[in-house]
Amino acid sequence: MRFRDGFWFSREILQREHAELETLRLQLYPNSMGGAVHAVATAWQIVDVVHRVRDLAEGMPGVNKKAGSCTRAFLDATAIAERFRHYVQHLRGEVSKTEVNRFPVWGSLSWVSASDDRTLHTTFLGVMRPGIEFHAGVFDAQGNRWVSRVSLSIGHVHFNVDPIVGETTAFCDHMLSVIDELQPGLPCLGVLEPFSTRFEIVDGDYLEAKRALPRALPREMVEAFEKRAATAGTTPGELLDEEMEVWRAAGTPRGDVPQSVHTACAELPPGTSTLVRMAYHAVAWSLRADADAAQSEAAGPTSDGDH
């Protein structure tokens, strides 16, 4: 069953990324940096997925991998993926070599023009340094067409996306059929069974925090928070829940929390809930923001002086 999940999800990812790459191709211009980055990243993602499917094919028990078999045909047709995957997996060593590769670090990307299928654009990410070499996609003179609408090249080697994706998705379909025949009655694929978790600060949590961290905040800060809750017509726990939402949305700016809070939290005994720690950080940040706002209001508008 686990191999079935592996083939199915790999196929879904591959089809999604291939469709995404085709959408990018239709919108891509040679000088479009954002589009090029997205397209190159998507092409490398496809390389990785093909590599994963090859791993599944070689590890699948009870499947004929000898010459002439469907599995061997697939492995032979997609062998180029291993070279690309090995290159990017060992990128640190590649860029550190004494004899520098003459091709761009992330390879070059070629794509057929959306407006003219006889025109092929090629670009790469990085600086055009002296001696750099990059290669365009491959043209099939016999078929009078480009081998692939999008291709990725490192050195003189090409990863032709369209035919390789075609081989890989067809193989995944084949293996899923084989597994269904060997293990009939397996659960349907493609049905999500999500679960969700939500937490909120209630009054009990607020009181727990108040007891657990007596030194974390000055008493006047806690009293000010409770007073603000009463003024708002709510409880401290409910107000704290709202403040934590604001605190998280603001990126939990740790630098705005008094050092006394960090110190007290660091000294908490094992087992103290994360909720308690977050609660006091949220209170501290909220009250510090109130104090800053009040100070700014008291100071009044600034002026550059008379000219």
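Visitor: Leaving aside neighbours within four places in sequence, which residues is Leu152 in contact with?

Guide: Ala43, Trp44, Val47, Phe84, Trp106, Ser108, Leu109, Val157, His158 and Phe159. Contact here means heavy atoms within 4.5 Å. Before we go on, this is a predicted model, where local features need pLDDT of at least 70, side-chain atom pairs count only at pLDDT 80 or more, and totals for chains, interfaces and linings use all residues. Residues are numbered from 1 along each chain as its sequence is written, and side-chain values use heavy atoms, with hydrogens and water left out.

Visitor: What helices and strands are there in the protein chain, by count?

Guide: The protein chain has 11 helices and six strands. Those are DSSP runs, numbered from the N terminus: helices are H or I with at least four residues, strands are E with at least two.

Visitor: What makes strand β1 largely enclosed by the rest of the structure?

Guide: Strand β1 covers residues 108–112, and five of the five are buried, so the rest of the structure largely encloses it. Buried means under 20% relative accessible area, exposed means over 50%, and partly exposed is in between (1.4 Å probe, protein chains only). Both faces are covered: Ser108, Ser110 and Val112 are buried on one side, Leu109 and Trp111 on the other. Across the protein chain, 39% of the 307 residues count as buried.

Visitor: How do you know that β1 and β2 pair?

Guide: Two strands pair if DSSP finds at least two bridges between them. β1 and β2 (residues 120–124) have five bridges, in the antiparallel sense, and Ser110 stands opposite Thr122 in β2. β1 also pairs with β5 (residues 150–154), again antiparallel, over four bridges. There, Ser108 stands opposite Ser153.

Visitor: Which residues touch the most other members of the largest nonpolar core?

Guide: Phe7, Trp44, Ile46, Phe84, Leu109, Leu152 and Phe159, out of 41 residues in that core. The label is for a set of buried Ala, Val, Leu, Ile, Met, Phe, Trp, Tyr and Cys residues joined through side-chain atoms within 4.5 Å. Elements giving two or more residues to this core include α1 (2–27), α2 (33–59), β1 and β5. The largest share, 11 residues, comes from α2. In soluble globular proteins, nonpolar side chains tend to be buried together.

Visitor: Why does Trp106 count as partly exposed?

Guide: Trp106 has 35% relative accessibility, so it counts as partly exposed. Trp106 sits in the loop between α5 (91–96) and β1. With Val95 and Val105, Trp106 forms a nonpolar patch on the surface, about 250 Å² of accessible area together. Patches are made of residues with over 30% relative accessible area and no salt bridge, joining like charges within 9 Å and nonpolar side chains (Val, Leu, Ile, Met, Phe, Trp, Tyr) within 5 Å. Accessible areas come from the Shrake-Rupley method with a 1.4 Å probe, and for residues only the protein chains shown count as cover.

Visitor: What makes the link between Glu22 and Arg25 a salt bridge?

Guide: A salt bridge is a side-chain nitrogen of Lys or Arg within 4 Å of a carboxyl oxygen of Asp or Glu. Glu22 and Arg25 meet at 2.7 Å, N to O, so by that rule they qualify. They are three residues apart in helix α1, so about one helical turn separates them. Both Glu22 and Arg25 are buried.

Visitor: What does the pair of Asp162 and Arg149 tie together?

Guide: Their side chains meet in a salt bridge at 2.9 Å, N to O. Asp162 lies in helix α6 and Arg149 in the loop between β4 and β5, so the pair ties together parts 13 residues apart in sequence. Asp162 is buried, with a relative accessible area of 18%, whereas Arg149 counts as partly exposed at 33% relative accessibility. Salt bridges that share partners join Glu22, Arg25, Arg149 and Asp162 into one network.

Visitor: How many salt bridges does the rule give?

Guide: The count comes to 11. Another of them joins the side chains of Arg11 and Glu12 at 3.3 Å, N to O.
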